[in-house]
Structure formats: structure tokens, C-alpha cells
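Q: I am new to this structure and would like to learn how to read its features. Could you walk me through it?

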Amino acid sequence: MERLKNAHYHQYSALIHDRTGIHIAENKRQLLETRLGRLLYRKRIESPEAYLRILENPANKLEFQEFVDAMTTNTTEFFRENHHFEFLQREADRWMADNPRIRREREIRIWSAGCSTGQEAVTLRMLMEDLFGDEIRVILLATDISQKVLRKAVSGFYSDQEAEGIPKAYLSRHFLRVAGGWQLEPAILGDIRYRHFNLMEPFPFRKGFDMIFCRNVMIYFDLETQQSLITKFYNALPSGGLFFIGHSESLINKRHHFRHLGPSLYQR
């Protein structure tokens with residue numbers, strides 16, 4: 001595919017931003033062009049203009065979802081940015097005292113927002129098993145805008161390379177060795193609710209969450225979208241609830257009421 005005309009680049013950028021919040025900056029233009037070119041070739045669509053007309057039609061939801069799947073970047077691993085999980089283990093008495101609902105109702109509600117292929121959610125579920133066993137019920141929601149990564153997450157299968165970050169104790173306890181990799185045991189996989197969700201939509205949750213992990217997701221949004229999301233996340237947490245972001249992200253230049261607890265870790 002030839003280099004996108006400026007007008008088409010701005011139209012594609014505006015379309016994906018308006019519907020998903022994702023901001024494709026000028027320095028990501030080549031990435032957009034490369035991924036778009038692959039789509040056009042595979043679908044045998046004659047031009048960027050023709051594909052744009054297809055995507056702009058609200059009736060073509062599946063086509064737009066395929067476009068989103070192609071445009072989103074999904075990077076994750078087990079126990080990524082491990083200081084967050086170490087905090088949860090080390091300071092369990094502290095954060096549970098700050099949020100007494102957990103012990104009172106014997107239930108903890110966690111949201112992995114932008115879960116990609118599920119490694120973060122699986123890590124959290126295994127960690128909660130270690131901390132609480134059967135004492136406290138764990139409700140773990142994992143969402144992503146990409147249907148492609150969710151299909152992999154739901155499978156519970158991870159290659160040898162993907163499983164490298166799993167400590168041996170967790171690997172032997174919760175995974176079964178299969179051809180080409182590792183299969184997550186049903187007891188853990190079945191406790192994670194994977195759902196397709198666009199963070200730009202109103203949050204439909206009747207109950208809030210005791211923890212929200214949204215790590216290395218907001219880097220793909222512009223400042224205005226980040227600000228809106230931070231407010232929505234704050235409102236979805238109870239007093240004492242925890243909010244985790246990626247190490248490359250910060251709330252320093254944002255308006256918020258969170259209390260800073262540590263590197264990329266905040267509390268309502």
C-alpha cells in the first residue's frame with residue numbers, strides 16, 4: 001500500500017479515537033499504515049478510501065472490531081511489574097484494614113482493565129488463592145477491547161516462552177504440561193470472567209471494585225481521555241480501594257483525589 005494521504009491518516013485516526021479513545025499520534029503513523037496495508041491486502045480491498053467507508057458504517061460492527069484487533073498493541077507477561085504483587089502480599093493486612101468491606105462480606109472484587117491475553121488476571125487469581133484460600137470469595141473481571149486477545153485468554157493456554165515468568169511453585173500447582181506449552185487448570189481459569197469492553201463506554205457495574213488494575217493502557221490515550229478515565233476509575237472504587245497503573249504512567253499532571261502509596265500505586 002502506498003503511503004496514506006494526510007487526509008486519510010487523519011480520518012482513520014479520528015475514527016479510532018472517537019470510538020475507542022486510542023490516540024494514534026503522528027509518530028505512530030507508519031505503524032497504522034503497515035497494519036492497515038496488511039488488512040487491505042488480506043481482504044482484497046482496493047483502497048484506504050474504500051475501507052474507510054466500510055468502517056464508518058455503524059452497521060459493520062464486526063468489520064470495525066477486526067480493524068481494532070489489528071490496530072491495538074498487546075504486550076503482557078506473568079508477574080509483570082512484580083512490585084505491585086509484592087505489595088499485595090506484603091501489605092495485605094494494611095490494605096484490608098483500609099477496606100473493611102472485604103472481611104465483612106468475605107468477598108474481594110478485582111478488575112483487570114485492558115487484560116490482553118490474560119496473564120495479569122491469572123497472576124492476580126493465583127495470588128489471591130495464596131492469600132485467602134477459600135476464606136474470601138474472589139470476583140475477578142478481566143476486560144479488553146480486542147476480541148482476538150480475549151479468545152486466547154479464555155483458552156488458558158500459554159506457550160513455553162509466555163510461561164517463562166511464572167514461578168515454579170505456581171507452574172506446578174496451577175498448570176498442566178501439554179504439547180507446546182502449559183494449560184491453566186480449570187479451577188483458576190473458571191474464576192476469571194473475561195469480557196469484551198470498551199473503556200470509552202459508561203461503566204455498567206452495579207457494584208464497584210476493591211482493586212482496579214489498568215496498567216500500560218492509558219499510554220494509548222490522549223490527555224483528555226486519560227483524565228476522564230481516571231475519574232471513572234476513582235468513582236468505581238470504595239474508600240480504601242486500590243488503583244494500579246503502569247510504571248511508565250503517572251497521575252502527576254492529572255486532576256484526581258487519589259492518595260499516592262508508591263510507584264504507580266494509588267488509593268482512594
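Q: Which residue lies over the face of Tyr170?
A: In this predicted model, Arg173 does, at 5.4 Å from the ring centre. Likewise, Arg109 lies over the face of Phe209, at 5.7 Å from the ring centre.

Q: How many aromatic pairs does the structure hold?
A: A pair of aromatic rings is described by the distance of the centres and the angle of the planes. There are 24 such pairs here. Take Tyr51 and Phe67: their ring centres are 6.2 Å apart and their planes stand at 75°, so this pair is edge-to-face. Tyr51 belongs to helix α3 and Phe67 to helix α4, 16 residues apart.

Q: Are Tyr51 and Phe67 buried or exposed?
A: Both are buried. Another pair to look at is Trp95 with Phe132, whose planes meet at 85° with centres 6.3 Å apart, so it is edge-to-face. It links helix α6 to helix α8 across 37 residues. Trp95 has 3% relative accessibility and therefore counts as buried; Phe132 is buried too, at 8%.

Q: What is the order of the strands in the open sheet?
A: Follow β6-β2-β1-β7-β8-β10-β9, 7 strands with mixed pairing. β6 and β9 stand at the edges with a single partner strand each, so one side of each has no neighbour in the sheet. Further in, β1 and β7 run parallel, joined by 3 bridges; Trp111 has Ile212 of β7 as its bridge partner.

Q: What covers the buried residues of α12?
A: The cover includes α1, β1, β7 and β8. Among those buried residues are Phe233 and Tyr234, which also belong to one aromatic cluster with Trp111 and others.

Notes: Residues are numbered from 1 along each chain as its sequence is written. This is a predicted model: local features need pLDDT of at least 70, side-chain atom pairs count only at pLDDT 80 or more; totals for chains, interfaces and linings use all residues. Side-chain values use heavy atoms; hydrogens and water are left out. Two strands pair if DSSP finds at least two bridges between them. Helices (H or I, at least four residues) and strands (E, at least two) are DSSP runs, numbered from the N terminus. Buried means under 20% relative accessible area, exposed over 50%, partly exposed in between (1.4 Å probe, protein chains only). Contact means heavy atoms within 4.5 Å. Rings of Phe, Tyr and Trp (its six-membered ring) pair if their centres lie within 6.5 Å; planes under 30 degrees apart count as stacked, over 60 as edge-to-face and the rest as tilted. A charge sits over a ring if NZ of Lys or CZ of Arg is within 6 Å of the ring centre and within 35 degrees of the ring normal.
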